Amino acid sequence: MRKNGSSKQRTIVAAAALSALLAATPSVAGSRILGTGAVSAIEGAAGGGLSPWAVLSSTASDDEIGVTAAATRAWVDDYQLTVTGASVNLHDRMEFSIARQTFELSTLGGELEQDIYGAKVRLFGDVLYHPLVVWSAGVMHQRLVDGTVPTALGADDVNGTDAYLSASKLLFNAFLGRNVLLNATLRNTSANQGGLLGFGGDQGGHAWMAEGSVGVFVTPNWVVGTEYRQKPDNLSAADEEDWQSVYSAYFFNKHVSLTGAWLDFGDIAGLPPQRGGYLSLQAAF
Amino acid sequence: MGLLNTTLKSTSRSLLMASAFIGTLLLTGCAQHHQHATLYERIGGQPTIEAVVENLLYRIADDEEIVSYFANSNIDLLAASLASQLCDVSDGPCQYEGPPMDRAHQTMGITDAHFNRVVEYLDAAMVEEGVPLAARNDMLGRLAPMYKDVMRLQ
């Protein structure tokens with residue numbers, strides 16, 4: 001009874017906070033243009049969902065600070081991924097992020113959890129104004145909470161660190177009068193299934209992987225696109241395939257965005273192609 | 001064979017989604033997009049440009065921080081200069097003869113935040129004066145490279 005009451009109270013507080021954000025005037029937001037903070041990738045950094053992008057989270061500009069929080073859930077055939085994350089953007093120069101991933105093994109039973117600490121620096125450029133686009137570099141340190149299952153599958157490590165270089169560019173009026181957002185990321189990683197199955201294995205360790213996305217801003221608030229993430233295949237006991245998505249992200253204003261996607265994760269831990277849906281709600285200040 | 005079938009099915013589904021999406025864009029895009037017309041014409045010519053400039057200046061006037069940069073400006077001259085520049089960059093029958101962008105803004109202490117705010121005011125002004133989305137995107141795309149010049153002598 002008491003539990004019901006408190007969860008109801010939480011729902012009301014959350015709804016009130018959300019409606020306050022939806023009604024908030026843009027003057028309290030950062031000054032960068034709507035949508036240029038992207039959404040929160042599943043590893044916590046600003047990006048497109050599967051991949052970090054070169055833009056920094058929120059709409060904070062050179063003399064501003066932005067804070068972003070996101071809750072994400074992905075449902076595929078035999079698994080469910082839940083991510084809660086937050087990031088801070090300092091003067092549109094540095095981004096620090098933290099994320100907790102919970103990967104529920106709906107069919108196999110049990111769950112895997114990891115924490116991801118990220119830092120990204122904008123090297124130079126701007127996604128809108130700079131002819132040489134915006135370039136950022138970042139690292140993500142991942143720590144599995146319990147490495148028993150990944151180790152049993154043959155993973156070398158239960159912790160790992162990714163490093164990446166990313167470039168993003170908005171092309172104005174590029175497709176039927178609409179603006180088109182391009183992103184390319186090169187990631188050095190040893191993570192199996194993004195780290196949920198540990199790091200490295202009998203078939204390999206650190207390697208460079210390519211990730212990319214293209215999106216069309218149908219309106220200034222609404223971007224529709226697709227994303228691709230190349231994956232390593234380090235474990236002979238658990239074939240791993242590249243990830244892809246088709247996404248739609250709606251920016252209600254500079255504070256609130258909702259992303260929906262269709263996912264194809266390929267084989268995961270011996271189970272056949274994992275496809276499903278993805279929803280992510282983001283709030284930025 | 002089963003794998004081939006699955007691949008074909010997923011490919012045809014992706015193709016279907018993509019073509020449905022492109023079809024929607026084509027339908028909405030064609031109404032606004034005329035390849036042969038200049039941006040100047042698609043915006044609505046000189047009357048719309050002048051209305052956009054006036055609308056923009058009212059928005060700037062309401063922003064205490066931005067308007068302070070224009071404290072010593074002759075507003076009529078500024079309006080005429082802005083209009084001739086928008087006309088020029090949109091391939092209209094004008095020649096912008098004002099000062100170059102770096103000289104016009106030198107040592108004003110303009111930050112990215114200021115720059116972004118004026119971009120938002122311009123876009124909002126175009127929306128309010130009925131400029132279609134494709135023409136707005138085109139105009140913003142032609143103005144975006146000026147960032148480099150505006151910020152050069154800050």
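**Strands of chain A**

I looked up strand S13 (residues 256-268) of chain A and found 11 bridges joining it to S14(A). The two run antiparallel. I count strands as paired if DSSP finds at least two bridges between them. Strands here are DSSP runs (E, at least two residues), helices are runs of H or I with at least four, and both are numbered from the N terminus. This is a predicted model, in which local features need pLDDT of at least 70 and side-chain atom pairs count only at pLDDT 80 or more, while totals for chains, interfaces and linings use all residues. Residues are numbered from 1 along each chain as its sequence is written, and chains are lettered from A and ligands numbered from 1 in the order in which they are written.

Which residue stands opposite A:Val256 in S14(A)? I found A:Ala283 there. S13(A) and S14(A) form a hairpin with two residues between them. In the turn, A:Ala269 has a positive phi of about 50 degrees.

I then followed S14 (residues 271-284) of chain A to strand S3 (residues 65-76) of chain A. Nine bridges join these two, and they run antiparallel. A:Ala70 stands opposite A:Gln282 in S14(A).

**Chain B**

I counted nine helices and zero strands in chain B. Of its 154 residues, 23% count as buried (20 or more other C-beta atoms within 10 Å of the residue's own, with C-beta atoms placed from the backbone). I took residues as in contact if their C-beta atoms, placed from the backbone, lie within 7 Å. Among contacts in chain B between residues at least 6 apart in sequence, 77% join residues at least 24 apart.

**Helices H3 and H7 of chain B**

Next I checked how H3 (residues 45-61) packs on H7 (residues 112-128) in chain B. The angle is about 130 degrees, and the axes are 8 Å apart. By class, I noted eight nonpolar, one polar and two charged residues. Nonpolar covers Ala, Val, Leu, Ile, Met, Phe, Trp, Tyr, Cys and Pro; charged covers Asp, Glu, Lys and Arg; the others, Gly among them, are polar.

**Where the chains touch**

How many residues does each chain give to the contact? I found 23 from chain B and 20 from chain A. On the chain B side, H1 (2-30), H7 and H8 (133-143) are the elements that give two or more residues. That side has 12 nonpolar, seven polar and four charged residues.

Notes. Buried ≥ 20, exposed ≤ 12 C-beta atoms within 10 Å, placed from the backbone. Contact = placed C-beta atoms within 7 Å. Axes fitted to C-alpha atoms, helices over the stretch in contact; angles between N-to-C directions.
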